Amino acid sequence: PKTKKQMKKLHILLLCLLIAVPFGQAISIDDLYRSFSKEKGVQSFHLNKFLTGILKLDPEFRELNLKELKMLDLEKCKPETQEQFTQKVNLFLNEASGKYQTDINATESDVSVYILTHRQEETILEFIVLTTGKECGLIAMKGNFKPEVLEKWLDDSDVDIPDSTPLSSQP
């Protein structure tokens, strides 16, 4: 039989495990950005709500209704960093199915592209582009986007997205 002291230690250990397990595995886009934005060789870019408000002075951005933009380019960093990023992206993708809809999952040569959206009825609240492989990167946009406005903006920009079903026709 176990002593009271041993049982108490066991209970504390189990409690710590129960608390740590849910928090230890979950990963968000913000976690991905924070984890890699300061890595050597990574180019990062973040426009917060204040800066996107200034962008609305430009007619090209006004209709987009962008609230936040985060970008990472890991193309020039160490292969180990790219591999860590790919692993974290895979963790994120495994957990994202409840919140995000996968609009594109394409692999070409040594690059995989994932485009996810978080929607509320006909409005896109988050638009995420993740690339892994030789060209690791992240583009995360938050706002209240009409699909047709976002499509037009993406067509006019330099964002290279594989051909697919238009965002406005997604369920």
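The dialogue that follows goes through some features of this predicted model, from the overall fold to single residues.

Reader: What share of the residues counts as buried?

Author: Buried means under 20% relative accessible area, exposed means over 50%, and partly exposed lies in between, with a 1.4 Å probe and protein chains only. By that rule, 36% of the 171 residues of the protein are buried. The areas come from the Shrake-Rupley method with a 1.4 Å probe, and for residues only the protein chains shown count as cover; the accessible surface of the protein comes to about 11,200 Å², of which 54% belongs to carbon and sulfur atoms.

Reader: Which residues of helix α6 are buried, and what covers them?

Author: An α-helix has 3.6 residues a turn, so residues three or four places apart point the same way. In helix α6 (residues 147-156), the buried residues are P147, V149, L150, E151, W153 and L154, and their cover includes α4 (59-62), β4, β5 and β6 (137-145).

Reader: With which residues is Q82 in contact, beyond its neighbours in sequence?

Author: Contact means heavy atoms within 4.5 Å. Q82 lies in helix α5 (residues 79-96) and counts as buried because its relative accessible area is 12%; leaving aside neighbours within four places in sequence, Q82 touches L74, E75, C77, G133, K134 and C136. For the protein as a whole, among contacts with a separation of 6 or more, 53% are between residues 24 or more positions apart.

Reader: Which residues form the patch of negative charge, and where do they lie?

Author: Patches are made of residues with over 30% relative accessible area and no salt bridge, where like charges are joined within 9 Å and nonpolar side chains (Val, Leu, Ile, Met, Phe, Trp, Tyr) within 5 Å. A salt bridge is a side-chain nitrogen of Lys or Arg within 4 Å of a carboxyl oxygen of Asp or Glu. Lys and Arg count as positive and Asp and Glu as negative, with His and the chain ends not counted, and a charge is placed at NZ of Lys, CZ of Arg, CG of Asp or CD of Glu. The negative patch on the surface gathers E63, E121, E122 and E148. E63 sits in the loop between α4 and β2 (66-73) and is exposed at 56% relative accessibility, whereas E122 sits in the loop between β4 (111-120) and β5 (123-133) and is exposed at 62%. E121 also lies in the loop between β4 and β5, with a phi near 55°, a positive value in a residue other than glycine.

Reader: Which residues make the nonpolar patch?

Author: F50, L51, I54 and L57 make a nonpolar surface patch of about 430 Å². L51 belongs to helix α3 (residues 49-55) and counts as partly exposed, because its relative accessibility is 33%.

Methods:
Residues numbered from 1 in each chain as written. Predicted model: local features only at pLDDT ≥ 70, side-chain atom pairs only at ≥ 80, totals over all residues. Heavy atoms only, no water. Helix = DSSP H or I, 4+ residues; strand = E, 2+ residues; numbered from the N terminus.
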